[in-house]
Amino acid sequence: MKITVPDTAIETLKSILAENTDKPQNIRVYFQGVACSGPSFGLALDEMEEGDVSTEVEGLTFVMAPNEYEVYGDIVIEDTGFGFRVIPESMVGQSCSCDGGCGGCCGE
């Protein structure tokens, strides 16, 4: 499993973990659903489950369900300045297919 994370996001995630020492210290990448712009993923603090795939980046442990990793593969986390955009590596640079009528995909 490979996770690509910019330095700004690493610092933000480390800060979140430091503020939440009473919570699990793994960062789960999870599938949220599909919108007009493709699959949507989120991040959450979570325990590692049996069978999860994982990787460490700059002292951060990222975990993902094996079936989701099998379907979507490696992940890129982009720092938008207003949060994170979590997308499969194979979709980096793809544009949104919505026409503006889907309620806000693609940062509209």
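Reader: Is E89 buried, partly exposed or exposed?

Author: Buried means under 20% relative accessible area, exposed means over 50%, and partly exposed lies in between, with a 1.4 Å probe and protein chains only. E89 has a relative accessible area of 32%, so E89 is partly exposed. This is a predicted model, in which local features need pLDDT of at least 70 and side-chain atom pairs count only at pLDDT 80 or more, while totals for chains, interfaces and linings use all residues. Residues are numbered from 1 along each chain as its sequence is written, and side-chain values use heavy atoms, with hydrogens and water left out.

Reader: With which residue does E89 meet in a salt bridge?

Author: A salt bridge is a side-chain nitrogen of Lys or Arg within 4 Å of a carboxyl oxygen of Asp or Glu. E89 meets K2, at 2.8 Å from N to O. Strands (E, at least two residues) and helices (H or I, at least four) are DSSP runs numbered from the N terminus. E89 lies in the segment after β7 and K2 in the segment before β1, so the pair ties together parts that are 87 residues apart in sequence. K2 is partly exposed, at 41% relative accessibility.

Reader: Which residues are linked with R28 in a network of salt bridges?

Author: The network links R28, D46 and D52. The N to O distance is 2.5 Å for R28 and D46, and the closest N and O atoms of R28 and D52 are also 2.5 Å apart. R28 is in strand β2 and D52 in the loop between β3 and β4. Both R28 and D52 are buried, whereas D46 is partly exposed at 25%.

Reader: How many aromatic pairs does the structure hold?

Author: Rings of Phe, Tyr and Trp (its six-membered ring) pair if their centres lie within 6.5 Å; planes under 30 degrees apart count as stacked, over 60 as edge-to-face and the rest as tilted. The structure holds three such pairs. The ring centres of F31 and F41 are 5.8 Å apart with planes at 70°, so this pair is edge-to-face. F31 and Y72 are stacked, at 5.3 Å centre to centre and 15° between the planes. F31, F41 and Y72 form one cluster.

Reader: In what order do the three strands of the open sheet stand?

Author: Two strands pair if DSSP finds at least two bridges between them. The order is β1-β6-β7, with mixed pairing. Five bridges join β6 to β7, which run antiparallel.
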